[in-house]
Amino acid sequence: MTHLTFILLAVLFSQCAIADNNKVSIELIGNQRCFKTNSLPDHQFGPFRNGTKVKAIQLTLCVTRKPKKRSKSVKLTGSMGIALNGIQFQPNTSGFFDPSTARGHGRNGDRNWSFDLSGAPDQRGLDNNNAHVGKLGSYHYHSLPLNLIAKQSAKRNSLVGYAADGFEIHFVGNQVTSAYQIKQGLRPTKTPSGSYDGTYNEDYEFVASSSSLDKCNMGNLDGKNVYFLTKRYPFIPRCLWGAPSADFLRERGSRNRGGNRQ
């Protein structure tokens, strides 16, 4: 048993006795794969800053069963995708460098420096499953969903979810690594100043020769294109190669509240 496997199993067994109200179903409707979820996790969660509460939010989120890789990628404008347990993957934040705020970042900050919740030292605010709660009470993953990974690992299954463009999302541990690396030296601005340390997405650079994965963390698994979660930045892909489902685009699913696709 590897050290990583031991840690993942420990996470699983320490949380499996926690009562939860998770409800999720996956239905194949024509060329669509549809998740009906109440957005509640199937594992222990929290606590969060300021006593933020997780709310049940009924959603139906559908992705194509026949994804196509296009010649150009698109940056995320909503969720990256959805996990098998019905929780959305939302790696990005709406925070930007803003020295006027207590935490040093806010919605109205400098757009040239976007805050990365998963990489920022001492400012995580995430629970043991690398998730937190949005302003509307929606629970979502910013990095590796450890409990889900542990469950799938126990089944010897690397599939953890589906991207908004329909491609599968997998986690295979150290079998693949991210091609992103922290830049060397100092930031070229007076504010924010200091060394590149992972606080901002702009602290990283893509080095194609360092990995088999591309800039969207896509690679090949058993002869097909899939996205990978990685143990290093970006953790969850920050761009997509296919056409994202409209269900994921606006306010990370908020347009779809109530469970009806529009």
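**Figure 1. Burial and overall make-up of the chain.** Of the 262 residues of the chain in this predicted model, 52% count as buried. The chain contains 2 helices and 18 strands, and its accessible surface comes to about 13100 Å², of which 50% belongs to carbon and sulfur atoms. Among the contacts in the chain with a separation of 6 or more, 61% are accounted for by residues 24 or more positions apart.

Figure 2. Strands of a sheet pair through backbone hydrogen bonds, either parallel or antiparallel. Here 8 strands form an open sheet with mixed pairing, and their order is 10-11-6-5-12-13-17-16. Strand 10 and strand 16 are the edge strands, each of them pairing on one side only. Within the sheet, strand 12 (residues 159–163) and strand 13 (residues 168–170) pair in the antiparallel sense over 3 bridges, and in this view Tyr162 stands opposite Glu168 in strand 13.

**Figure 3. The largest nonpolar core and the surroundings of Met80.** In soluble globular proteins, nonpolar side chains tend to be buried together. The largest nonpolar core of this model has 38 residues, and those with the most contacts inside it are Met80, Phe89 and Tyr227. At least two residues of this core are supplied by each of strand 3, strand 5 (81–83), strand 10, strand 11 (139–141), helix 2, strand 12 and strand 18, with strand 12 giving the most, namely 4 residues. Leaving aside residues up to four places away in sequence, Met80 touches Phe89, Pro91, Ala163, Ala164, Ile169, Tyr227, Ile236, Pro237 and Leu240.

**Figure 4. The salt bridge between Lys151 and Asp42.** Side chains of opposite charge can pair when their charged atoms come close. A search of the whole structure finds 6 salt bridges, and one of them is formed by Lys151 with Asp42, whose closest N and O atoms are 2.9 Å apart. This pair links distant parts of the chain, since Lys151 belongs to helix 2 (residues 146–154) whereas Asp42 lies in the loop between strand 2 (32–37) and strand 3 (59–64), 109 residues apart. Lys151 has a relative accessible area of 27% and is therefore partly exposed.

**Figure 5. The salt bridge between Lys69 and Asp214.** The side chains of Lys69 and Asp214 meet in a salt bridge, at 3.8 Å from N to O. Lys69 is placed in the loop between strand 3 and strand 4 (74–75), and Asp214 in the loop between strand 15 (204–206) and strand 16 (218–221), so that the pair links distant parts of the chain that are 145 residues apart. Lys69 is partly exposed, with a relative accessible area of 41%, while Asp214 counts as buried at 17% relative accessibility.

Figure 6. Arg238 forms a salt bridge with Asp116, and their closest N and O atoms are 2.9 Å apart. Because Arg238 lies in the loop between strand 17 (224–228) and strand 18 (239–240) and Asp116 in the loop between strand 9 (110–114) and strand 10 (131–133), the pair ties together parts that are 122 residues apart in sequence. Both Arg238 and Asp116 are buried. Elsewhere, a network of salt bridges links Arg187, Asp197 and Asp203.

Figure 7. Most residues other than glycine have a negative phi, and most peptide bonds are trans. In this model, a cis peptide bond with omega of about -5° joins Thr191 and Pro192, and Pro192 has its place in the loop between strand 14 (180–182) and strand 15. Another cis peptide bond, with omega of about 15°, joins Tyr233 and Pro234, where Pro234 is found in the loop between strand 17 and strand 18. That loop between strand 17 and strand 18 also holds Phe235, which has a positive phi of about 65° although it is not a glycine and which counts as buried at 11% relative accessibility. Ser39, a residue other than glycine, has a positive phi near 65°; Ser39 is found in the loop between strand 2 and strand 3 and is buried, with a relative accessible area of 5%.

Key. Residues numbered from 1 in each chain as written. Predicted model: local features only at pLDDT ≥ 70, side-chain atom pairs only at ≥ 80, totals over all residues. Heavy atoms only, no water. Salt bridge = Lys/Arg side-chain N within 4 Å of Asp/Glu carboxyl O. Buried < 20%, exposed > 50% of the residue type's maximum accessible area, 1.4 Å probe, protein only. Pairing = 2+ DSSP bridges. Core = buried A, V, L, I, M, F, W, Y, C linked by side-chain atoms within 4.5 Å. Contact = heavy atoms within 4.5 Å. Areas by Shrake-Rupley, 256 points an atom, 1.4 Å probe, with all protein chains shown as cover.
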